[in-house]
Amino acid sequence: MCLRIKQSTKMEPDFLKKAGNKPPFEVPAGYFKQLHQRITEETRRDRNALRDEPIPVFPAAVSENPFAVPEGYFETLPGQISRRLNKQKSAIHDRSIYYKTAIAACLALLLGIAGVIQVKKMIQADNFIANIANFDEEILVEEYLEARLSATEEQPGEMETYILNQVDEGMLIQEL
Amino acid sequence: MAETPDDKALLERFRNPATRDAAFNELVLAYQQRVYWHVRRLVISHEDADDLVQEIFIRIWNHLDNFRGDAQLFTWIYRIATNECTSFLKRKKMKPTVSIDQDEGRLLEKLREDPYINGNELQLKLQEAILTLPEKQRLVFNMRYFDELKYDEMSEILETSVGALKASYHHAVKKLEQYFTKG
């Protein structure tokens, strides 16, 4: 290899030696810096063209996200979600206990009200009977006489004998 | 980004009460970044994105039992995330003091003021341009350009035809080009 290089140097004409091996061409400033970006952009344009879509004019770099998140955000996010879920679960649990208690209380209240109404009705009925205004003397007399008559049916004339013995004869005659 | 786990096995473990928590934790680890970046690009602020991501995963926890497996798990998760973001943005718009212009301005303000933004000028300019798009076009552009989702996947997530999505993307790109060329 070294021998071949030496030979080619030997064979190089003078004008080539004078011109040197540096090309006369130049590139615009910052060209190579932009080249990668431009190639990426072009390939993206091609991909879009294949998709039969309009080609956005903005450079490829723009498709990157300008947004940031606080450090370690995605490590803490599952924990935050889990905490909120637990809160929700306990809220549902509390709510179900609350509803159960409320339903039990309502039932107890209804039973209580029904009991009070029943007792009131009974008291009203008792009061009706006990009320002197509702006392019917005729019924009482009738009942008494029925009982008395049925008992005296076996001994006819007892009442008459009693009346004759107890009431003054003159007064009786006057009354008759 | 974490690797996508074997969805079927993961779902089976989630349905088993003994392995439910571990399976869900695995799911969070696998999808948290994809969900976060999707949400972040839509709501811009880290604080809002953080809150929404947590809500999205809680919603996933509550409804994963109902997931029938007709679609891919990740498209189902994306759909939940997208719906949550859309509702969030609507809620913000519905505030009586916020007009449509004010809403766009609010997001721009967040883009300029959020402490967790470190992109270069060009990246920020693109984000500003994206914020000028109508919501649906913004969504389609983000999913196609940044998340590199396929149209049929997007169609499943957004429940829109592939043709309509292509048209949305086309309009979005044209508007962004105009924004860039006008300077």
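Start by selecting chain A: of its 176 residues, 4% are buried. This is a predicted model, so treat the tour as a walk through a prediction. Chain A has 7 helices and 0 strands, and along the sequence its pattern reads α-α-α-α-α-α-α.

Now select chain B. Here you will find 9 helices and 0 strands, running α-α-α-α-α-α-α-α-α along the sequence. Buried residues account for 33% of the 183 residues in chain B. If you look at contacts in chain B between residues at least 6 apart in sequence, 61% of them join residues at least 24 apart.

**Where the chains meet**

Show both chains together. On one side of the contact are 24 residues of chain A, and on the other are 31 residues of chain B. The chain A side consists of 17 nonpolar, 4 polar and 3 charged residues.

**Into the core**

Next, select B:V35, B:V39, B:V53, B:I77, B:V140 and B:M154. Within the largest nonpolar core, which has 48 residues, these six touch the most other members. The element that gives the most to this core is helix α2 of chain B (residues 20–43), with 11 residues. In soluble globular proteins, nonpolar side chains tend to be buried together.

Stay for a moment on B:I77. Leaving aside residues up to four places away in sequence, B:I77 touches B:Y31, B:V35 and B:I60.

Follow chain B to B:I44, in the loop between α2 and α3. Its phi is near 70°, a positive value in a residue other than glycine. Most residues other than glycine have a negative phi. Is B:I44 buried or exposed? B:I44 counts as buried because 23 C-beta neighbours lie inside 10 Å, and the cut-off for buried is 20 or more.

Move on to helix α3 of chain B, residues 46–63. At 1.5 Å a residue, its 18 residues should span 26 Å, and the end C-alpha atoms are 25 Å apart, which agrees. Colour the buried residues of α3(B) to see how they are placed; among them are B:H46, B:D48, B:D50, B:V53, B:F57, B:I60 and B:W61.

**Two helices against α9**

Select helix α7 (residues 135–146) and α9 of chain B. They pack at an angle of about 95°, with their axes 9 Å apart, and are therefore roughly perpendicular to each other. From α7(B), the residues B:K136, B:Q137, B:V140, B:F141 and B:R144 meet B:L165, B:S168, B:Y169, B:H171 and B:A172 of α9(B). This contact comprises 5 nonpolar, 3 polar and 2 charged residues.

**Last stop**

Finish at B:E159, in the loop between α8 and α9 of chain B. B:E159 is not a glycine, although its phi is positive, about 55°. How many C-beta neighbours does B:E159 have inside 10 Å? There are 9, so B:E159 counts as exposed.

Conventions
Residues are numbered from 1 along each chain as its sequence is written. Chains are lettered from A and ligands numbered from 1 in the order in which they are written. This is a predicted model: local features need pLDDT of at least 70, side-chain atom pairs count only at pLDDT 80 or more; totals for chains, interfaces and linings use all residues. Two residues are in contact if their C-beta atoms, placed from the backbone, lie within 7 Å. Ala, Val, Leu, Ile, Met, Phe, Trp, Tyr, Cys and Pro count as nonpolar, Asp, Glu, Lys and Arg as charged, and the others, Gly among them, as polar. A nonpolar core is a set of buried Ala, Val, Leu, Ile, Met, Phe, Trp, Tyr and Cys residues joined through C-beta atoms within 7 Å. A residue is buried if 20 or more other C-beta atoms lie within 10 Å of its own, exposed if 12 or fewer, and partly exposed in between; C-beta atoms are placed from the backbone. Helices (H or I, at least four residues) and strands (E, at least two) are DSSP runs, numbered from the N terminus. Axes are lines fitted to C-alpha atoms, for helices over the stretch in contact, and angles run from 0 to 180 degrees between N-to-C directions. Angles under 35 degrees count as roughly parallel, over 145 as roughly antiparallel, 65 to 115 as roughly perpendicular and the rest as oblique. The expected span of a helix is 1.5 Å times one less than its number of residues.
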